[in-house]
Amino acid sequence: MATLRNCFWLAILGLIIMLVVFIIQSNKHPGMAWIPGGEFIMGSNSSLARANEQPAHKVRINSFWMDKTDVTNAQFAAFVKATGYVTTAEKKPDWNTLKVQLLPGIPKPSEQFLRAGAMVFVGTEHPVPLDDASQWWRFVPGADWRHPSGPGSNIIGKENYPVVQVSYEDAKAFAKWAGKRLPTEAEWEFAARGGLNAANYVWGDEFRPRGKRMANTFEGNFPVVDPAYKSLINPSKVATYPPNGYGLYDMAGNVWQWVADWYHADAFAIEAQQSIILNPLGPNDSFDPSHPNEPSNAPKRVIRGGSFLCDPNFCMSYRPSARRGVDPYSPMEHIGFRLAQN
């Protein structure tokens, strides 16, 4: 009996020590959630999945910390104030950096077209074919993180909204300053699933359970900006919607999130050749044959999570397995980021 009592109290003591250690570690990682390591099924074989999400395959991830929310305007402003950092969108484009995204032979534009700015969603007034994004995106000179929709916009009163119009390079610079890093693609998906292995969404298999809106996604018929929904077609304040099982907010919709990996359309097919892969870091280069007007090996980094511009008739990229590749020097109105830490 005494031995059982001793074991009981030793177990209680062990739990108390673990709790104290966790609290101490949490104080060292404010605003972050602990993501317990484990094995999961990465990618998807669902009928909703695109080819670049297949095949589903086993991955094992070590434990790590992740920001509970996307990096906000206030946090990015503190970084800029402390360092004097100038973002990609605020600088005149470098032709040598730009031309690697273009097919050979395309001439350099005149200097008047090489202006600081970024891509802004303008939408359409009526339905259009969904094979030409130039119908709903515009390059706007003067658009940047302080002016996400162009010179007439600002972020006053939006301190707790996700910072956007930041390139992969900008996110990496912020991470270095913060003593953190961008998560790998595998870490991001593991964290986004919140313990729900192979579910279609970060909250389960039903898009709107009991009719409840679970994420900031496109309202209406993309890319038409219906006056009835116009005020909703924007990023929302971080943590507006419920967190997932790991306490992470906005892992679906709101804004896309940069992750560390190079984008390779066949990355999952390559990884699936192993029975299980431990802490994958992604490919060593880029490969994207889906855009005939771009070189298939043009440098691209992965973005995850979808955005306020995703809807069922266009991309459905608010699913945890959905993935895209974007030029690391291309800031856009619907891309932000969050960070990880060991």
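View 1. W145 counts as buried because its relative accessible area is 3%, where buried means under 20% relative accessible area, exposed over 50% and partly exposed in between, computed with a 1.4 Å probe and protein chains only. The model is a predicted one, in which local features need pLDDT of at least 70 and side-chain atom pairs count only at pLDDT 80 or more, while totals for chains, interfaces and linings use all residues. Residues are numbered from 1 along each chain as its sequence is written, and side-chain values use heavy atoms, with hydrogens and water left out. W145 sits in the loop between β6 (137-141) and α4 (168-178); helices (H or I, at least four residues) and strands (E, at least two) are DSSP runs numbered from the N terminus. Setting aside neighbours within four places in sequence, the residues in contact with W145 include N73, F76, A77, V80, T87 and E90, as well as I155 and V163, contact being defined as heavy atoms within 4.5 Å. Between the C-alpha atoms of W145 and V224, which are 79 residues apart along the chain, the separation is 24 Å.

**View 2. Two cis peptide bonds.** Most residues other than glycine have a negative phi, and most peptide bonds are trans. In this model, a cis peptide bond joins Q54 and P55, with omega at about -5°, and P55 lies in the loop between β2 (38-42) and β3 (57-61). The peptide bond from F222 to P223 is also cis, with omega near 0°, and P223 is placed in the loop between α5 and β7 (256-262).

**View 3. R210 and N254, with positive phi.** R210, a residue other than glycine, has a positive phi near 55° and belongs to the loop between α5 and β7. N254 is not a glycine either, yet its phi is positive, about 65°, and its place is likewise in the loop between α5 and β7. R210 counts as exposed because its relative accessibility is 80%, whereas N254 is buried, with a relative accessible area of 0%.

**View 4. The chain as a setting for the close-ups.** The chain has 6 helices and 12 strands, and buried residues make up 46% of its 342 residues. Its C-alpha atoms fill a box of roughly 85 × 45 × 45 Å, taken along the principal axes. Of the contacts with a separation of 6 or more, 72% are between residues 24 or more positions apart.
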